[in-house]
Amino acid sequence: MRTAPKLLAAIAVLHVVVAAAADDLWVDVDRNGASFAVQATATVAAPVAVVWEVLTDYDNLARFIPGLSLSAVNRRTGNRVQVEQKGEARFFVFSYPIEVVLEVLESPSESISSRAVGGNLKRMSGRYELKRARGGILLRYTGELEPDFGLPPIIGTLAVRSMVEEQFGAMVAEIERRAAVPK
């Protein structure tokens with residue numbers, strides 16, 4: 001039974017690291033059969049231009065998003081972008097390779113919508129929305145994903161939540177880091 005305290009300690013450390021990125025960072029993951037509905041929000045202390053710059057920095061996302069080893073623009077036509085990403089979903093001893101090709105639709109300074117058009121996920125879609133808020137920009141993410149591999153019921157939801165908290169927290173931290181750099 002010594003692994004339970006270690007598990008709780010690791011989760012507590014993750015929450016502290018994520019909380020440092022934004023005071024109001026919030027993530028929710030609900031499971032529906034084999035798919036997961038994801039919601040995440042945070043208010044970032046940054047101008048909308050910086051938020052947009054980070055969200056659309058597709059070729060450099062792997063530098064600051066945990067678990068992402070490759071992110072590259074394959075094609076850009078106007079406000080439509082095809083992005084290839086590779087990485088790994090990790091949760092303690094579990095590890096799953098992820099490969100996805102995303103069709104991205106940008107609505108500058110307002111929203112970014114994406115959906116998987118290739119890769120090893122059965123289904124994946126997501127949307128970032130940017131709203132002006134007191135103290136900065138309210139960044140909201142909603143998405144749905146269905147892996148092409150099985151995840152145990154309780155562990156699966158915890159694994160997806162942990163991954164989203166870590167990755168969304170890293171995105172928020174990068175936005176705030178870039179906003180703090182004088183230009």
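Student: Which side chain lies 2.8 Å from the side chain of Glu-174 in a polar contact?
Tutor: A polar contact is a pair of N or O atoms within 3.5 Å; within protein, one must be able to donate a hydrogen and the other to accept it, and residues adjacent in sequence count only if both atoms are side-chain atoms. Here the partner is the side chain of Arg-177, at 2.8 Å. The side chain of Glu-174 also makes a polar contact with the side chain of Arg-178, at 2.7 Å. Bear in mind that this is a predicted model: local features need pLDDT of at least 70 and side-chain atom pairs count only at pLDDT 80 or more, while totals for chains, interfaces and linings use all residues. Residues are numbered from 1 along each chain as its sequence is written, and side-chain values use heavy atoms, with hydrogens and water left out.

Student: Is Glu-174 buried or exposed?
Tutor: Go by relative accessible area: buried means under 20%, exposed over 50%, and partly exposed in between (1.4 Å probe, protein chains only). Glu-174 counts as buried because its relative accessibility is 8%.

Student: How many helices and strands does the chain have?
Tutor: The chain has four helices and eight strands. Their order along the sequence is α-β-β-α-α-β-β-β-β-β-β-α. Among contacts between residues at least 6 apart in sequence, 51% join residues at least 24 apart.

Student: At what angle do α2 and α4 pack?
Tutor: Two packed helices are described by the angle between their axes and the distance between the axes. Axes are lines fitted to C-alpha atoms, for helices over the stretch in contact, and angles run from 0 to 180 degrees between N-to-C directions. For α2 and α4 the angle is about 130°, with the axes 9 Å apart. Angles under 35 degrees count as roughly parallel, over 145 as roughly antiparallel, 65 to 115 as roughly perpendicular and the rest as oblique, so α2 and α4 are oblique to each other.

Student: Which residues meet where α2 packs on α4?
Tutor: From α2 you have Val-50, Val-51, Glu-53, Val-54 and Leu-55; they meet Met-171, Glu-174, Ile-175, Arg-178 and Ala-179 in α4. Helix α2 (residues 48-55) is mostly covered, with six of its eight residues buried. Those are Val-48, Val-50, Val-51, Trp-52, Val-54 and Leu-55.

Student: What about Ala-179: which residues does Ala-179 touch, leaving out those up to four places away in sequence?
Tutor: Ala-179, also in helix α4, touches Ala-45, Ala-46, Pro-47 and Val-50. Ala-179 and Pro-47 are 132 residues apart in sequence, yet 7.2 Å apart in space, C-alpha to C-alpha. With 28% relative accessibility, Ala-179 counts as partly exposed.

Student: Which residues touch the most other members of the largest nonpolar core?
Tutor: In soluble globular proteins, nonpolar side chains tend to be buried together. A nonpolar core is a set of buried Ala, Val, Leu, Ile, Met, Phe, Trp, Tyr and Cys residues joined through side-chain atoms within 4.5 Å. The largest one here has 45 residues, and Val-51, Leu-139, Phe-168 and Met-171 touch the most other members. Helix α4 (residues 153-180) gives the most to this core, with eight residues. Leaving aside neighbours within four places in sequence, the contacts of Leu-139 include Val-51, Leu-55, Phe-168, Val-172 and Ile-175.

Definitions and conventions:
Helices (H or I, at least four residues) and strands (E, at least two) are DSSP runs, numbered from the N terminus. Contact means heavy atoms within 4.5 Å.
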